[in-house]
Amino acid sequence: MARTLVVVGNGMVGHRLVQALRDRDAAGAWRVVVFAEEARPAYDRVALTSYVDTWNPLALQLDGAEFDGDDRVELNLGDAVVGIDRQARTVTTASGRVQAYDTLALATGSAPFVPPVKGSDLPGCHVYRTIDDLDAIRDTAERARTGLGRGAAMVVGGGLLGLEAAKALRDMGLSPHVVEFAPRLMPLQVDEGGGALLKRLIEELDVTVHAGTTATVIEEDRGRLIAKLTNGVELDLDLVVFSAGIRPRDQLARAAGLTVGERGGIVVDSGCRTSDPHVYAIGECANLDGKVYGLVAPGYAMAEIVADRILGGAATFPGADMSTKLKLMGVDVASFGDAHATEEGALEVVFNDAVKGTYRKLVVSNDAKTLLGGILVGDANDYATLRPMVGRPLPGDPGALLAPAGGSGGGVGVGALPDEAQICSCNAVSKGDISEAIVVGGCDDVTKLKACTKAGTSCGSCVPMLKQLLTVCGVEQSKALCEHFDQSRAELFEIVRVTGITTFSDLIGKHGSGRGCDICKPAVASILASLGNGHILAGEQASLQDTNDRFLANIQRNGTYSVVPRIPGGEITPEKLMVIAQVAQDYGLYTKITGGQRIDLFGATVDQLPGIWKRLVDAGFESGHAYGKALRTVKSCVGSTWCRYGVQDSVGLAVELELRYRGLRSPHKLKSAVSGCARECAEARGKDFGVIATENGWNLYVGGNGGMMPRHADLLVSEVDKETLLKVIDRFLMFYIRTADRLQRTSTWLDAMEGGLDHLRDVVVEDSLGLCAELEAQMAEHVKGYADEWAGVLADPEKLARFTSFVNAPGTPDPTITFREERGQRVPVLLGTPEVIAR
Amino acid sequence: MTALAETVWVELCPLESIAREQGVAALLPDGTQVAVFRTHDDAVYALGNQDPFSGAWVLSRGILGDIAGVPVVASPMHKQHFDLRTGVCVDDETVSVPTYPVRVVDATILLGQT
Ligand code: SRM
Ligand SMILES: Cc1cc2nc3c(=O)[nH]c(=O)nc-3n(C[C@H](O)[C@H](O)[C@H](O)COP(=O)(O)OP(=O)(O)OC[C@H]3O[C@@H](n4cnc5c(N)ncnc54)[C@H](O)[C@@H]3O)c2cc1C
Ligand code: SF4
Ligand code: FES
């Protein structure tokens, strides 16, 4: 009969143990019972801060976290273990269950340490460890934001986690204050010089740093939290986050009489065994060699050891690499090896560039031949290559390695590393393992490497190295649009722009291969349209378009189409409403108010479309481009014309924006909104470009999205006049159109942009690339060249002739399309799918 | 050996009524819908018009192209590709759509019926 392993805690390390055991225990000698205090399957705590980008817990869930279909694993979520009886070898859970074990593994992790500050238990005070913590912080932050002005928050602790928390708070729209007791930020990882630069860079990002001080008391005052610091400063706050270190969760072990360390942590030997041979402890709750490791990589190593031991192996802890690299609000910080030069005779080579904002230090042995460690602040591109060189002979003079030669450390490449050098420290994957996966295993991209070696699946900082290794092994990294074009969309855009090519045939003949497909054809059609090549159905262009663009309407599940006339800013007269109503009634169309402040008419057949549009165009409507990767709507609130809070005319601006950018073809659809004041009734921050009125002008936000991965837009410029606003939007949109990938919304484009929002601002506001005049001119062309697409079809008999259901029976309606009634309107009768033809 | 029924060639439409690299739908007297495609080299193919994945009668409105050299149409609904020569779905070979014999005579498209 199978023996039973009980795992207490389903965090990153506990999950890894179960995975490792299931991977190796081919014979099925063990069954695993997991008890988890948290109510959701194991998730990526290292990436916790990114939860703020999506608020989607599933985005963080670890691979295979639910052990679906594995009957050897029983996962009990939301049921914590409350007691261990070592004599009886059972655990008792909060729900009262008693479970026997043969072997017990404790993976209870750690808990945030809350310093004894008076008032730390007030509502509005939080810790930062779990998804639930972040949800609670968000609740408080949202309540804060209903007040006027920007909310403020204090983070107690300026270490790695404290800065992550500050980033999350800033992304939630609060102004963070970071209070650190040590004289500098991240005292464990960086030295004084690096700390000084880090403070400067972080403060440039709207985070106030109070170093060398601490909070003594937090008081509640009329719904606000007032924090008093030892240096006399008082902060007026909406919320507080404690992030002042962690404490191993060893209470359960303590109560069961297991040995715990003087400063906490369940004491284990190098095989991760506790003082009871039937009990292991791993991850952040374990104390190994007198140390508690607060990083995931040593925890993973422990999980692998225990899996090995349970199956009769004798693995021991190999020692841990405490290197860290993070990118906080666009600021790189990396620290590796003996960063503080504690080794006897160690030498430091420092390169501090205050102008560029980079600090680089290498620690080398006293003969300057061996790399011991280092600190990089401001630019950590070389971390990936330098870290694996720790303890090895330097390939050159340390000074030359630090010189910022073209951004890469004087030519240190992965090529210089020996096979045993660790590339992914989170998952302990060496250069040799990765090369083998590429050369022997046939992994030819990062996704496959991740799946096959686990490298790159945790913190992600080694992914650039994986790419380099692919290149070193002779695998070309594909940015190809599809099998017909080796170029990316952005490259094709440049080719078309520079060469002036006007047809797909010409482009694929000169720069591609084959005849094209449903990926490259619409993408090229969009590029041609962005650069102004006449009607989208002119000549060959018609054959490139997806059905929606080809029939200038949106296909529906039964093969009919929907009709969406443009209603700029959502403003419409009763007369026009009546026209829409009349057309809908005459053609029997289902009508619905859309989420984009306009009206959608559903159920038109291909041959009805021209007749419907003739009536709409005659009444002054034009295409709403609901079918195109193009500007959709500019939503608006009522604004200062009617609303008692409005400070500017939001409807007027929305109408102007919609008319300016209507018809603009882009890599993906574009949405916008204008709100008349900070209450934001038009939801502008969920849009690709959103405008919010202030007393003195307009704030422009970009990169928002409300779809699958919601993202709040980032503030690009504030309090500008309308002329400046239009100029910046012109540039922003054209820059996006030039450089984005196919079907990449502005949100993901901005997220992927090197240098992020700051870089975008450099380009479209400061004109760092000298492109702005060109971008504006291009937009001016678009505005001048705009013509309504539906009017264009109605005026051209040849284009009109294509709107027939049947080539041999024009005018005959498609007999497969039938309707039934629901809530007083016509809806499609669902079509069956044909029986599959057996072959 | 069974005797083959004689193929009757029915006139569908002039070749010119299909633009290059596009498709049209044709309605047969028995109500069958056929998607007829004209590729870049003026070759003509005919498949059943129903998309077997969504059930909608729309294949004629898909984008034409080639996948690894195979001439295909992509369903306008969810983009599965069908081999224009055989009707087999390239993305899932257990699925296919019917094919019909076609000819072009004197710039007129004829559909073969048995
Ligand atoms: C009609 C409408 C729903 C409604 O009844 O309210 C709608 C309907 C469709 N949406 Fe939407 N979306 C509609 C507002 C939205 C909104 C809300 C908004 O615009 O304020 C969103 C979230 C905002 C955003 O885009 O950031 C939205 C996010 C999506 C997405 C996800 C995009 C993303 O980046 O994740 C898709 C899928 C896509 O485009 O790839 C989508 C795709 C679609 C498509 C085109 C799906 C399809 O291919 O058939 C639907 C067809 C519309 C049609 O046939 O007319 N729709 N869709 C709304 C039309 C607004 C309009 O007047 O044009
Ligand atoms: C914001 C943040 C950023 C981080 N960034 C990094 C980074 O960049 N690099 C890095 O290496 N590390 C980072 N870490 C640390 C890393 O997340 C931890 O090292 C890792 O999660 C430890 O795993 P664990 O399984 O030991 O503990 P945890 O992940 O904490 O899991 C322990 C689990 O056990 C549960 N539990 C506790 N007691 C019981 C009980 N009695 N019964 C049942 N269940 C119980 C807990 O609820 C928890 O779910 C970060 C941590 C945070 C919070
Ligand atoms: S955003 Fe402001 S101006 Fe616009 S409707 Fe809402 S409260 Fe009124
Ligand atoms: S180093 Fe963290 S994922 Fe590879």
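**View 1. Strands S32 and S33 of chain A run side by side.** Strand S32(A) is joined to strand S33(A), residues 670-675, by 4 bridges, and the two run parallel. Two strands count as paired if DSSP finds at least two bridges between them. Strands (E, at least two residues) and helices (H or I, at least four) are DSSP runs, numbered from the N terminus. Val634(A) has Ser672(A) in S33(A) as its bridge partner. This is a predicted model: local features need pLDDT of at least 70, side-chain atom pairs count only at pLDDT 80 or more, and totals for chains, interfaces and linings use all residues. Residues are numbered from 1 along each chain as its sequence is written, chains are lettered from A and ligands numbered from 1 in the order in which they are written, and side-chain values use heavy atoms, with hydrogens and water left out.

**View 2. Five strands form an open sheet in chain A.** The 5 strands stand in the order S32-S33-S34-S35-S36 (chain A), and the pairing is mixed. Strand S32 (631-636) and strand S36 (714-720) of chain A are the edges: each pairs on one side only. From one strand to the next, the twist averages 15°. Helix H19(A), residues 650-661, packs on this sheet. Helix H19(A) touches S32, S33, strand S34 (689-694) and strand S35 (697-702) of chain A. Contact here means heavy atoms within 4.5 Å. The direction of H19(A) makes about 175° with that of S32(A). Axes are lines fitted to C-alpha atoms, for helices over the stretch in contact, and angles run from 0 to 180 degrees between N-to-C directions. Helix H20(A), residues 722-739, also packs on the sheet and touches S33, S34, S35 and S36 of chain A. The direction of H20(A) makes about 10° with that of S35(A).

View 3. How many residues surround ligand 1? There are 20, and the closest are Gln556(A), Thr594(A), Gly595(A), Arg598(A) and Asp600(A). A residue is near a molecule if one of its heavy atoms lies within 4 Å of it. Domain 5 (552-623 + 792-839) and domain 6 (628-787) of chain A each give at least three residues to this shell. The domain bounds come from an automatic or database domain assignment. By class, the shell has 1 nonpolar, 11 polar and 8 charged residues. Ala, Val, Leu, Ile, Met, Phe, Trp, Tyr, Cys and Pro count as nonpolar, Asp, Glu, Lys and Arg as charged, and the others, Gly among them, as polar.

**View 4. Side chains and backbone both approach ligand 1.** A polar side-chain atom of Lys669(A) lies 2.7 Å from an oxygen atom of ligand 1. For Asn705(A), a polar side-chain atom lies 3.1 Å from a ligand 1 oxygen. Gly706(A) uses its backbone: a polar atom there is 2.8 Å from an oxygen atom of ligand 1.

**View 5. Ligand 2 has 28 residues around it.** Glu37(A), Glu38(A), Arg45(A), Arg129(A) and Glu284(A) come nearest. A polar side-chain atom of Glu38(A) lies 2.6 Å from an oxygen atom of ligand 2. A polar backbone atom of Val296(A) is 2.8 Å from a ligand 2 oxygen.

**View 6. Ligand 3 has its own shell in chain A.** Its surrounding residues include Cys637(A), Cys643(A), Cys677(A) and Cys681(A). By class, the shell around ligand 3 has 6 nonpolar, 3 polar and 2 charged residues.

**View 7. Strands S13 and S14 of chain A make a hairpin.** Strand S13(A), residues 215-221, and strand S14(A), residues 224-229, pair in the antiparallel sense over 6 bridges. Ala215(A) stands opposite Leu229(A) in S14(A). The hairpin has 2 residues between the strands, and Arg222(A) takes a positive phi near 45°.

Notes. Polar contact = N/O pair within 3.5 Å; in protein donor to acceptor, adjacent residues only side chain to side chain.
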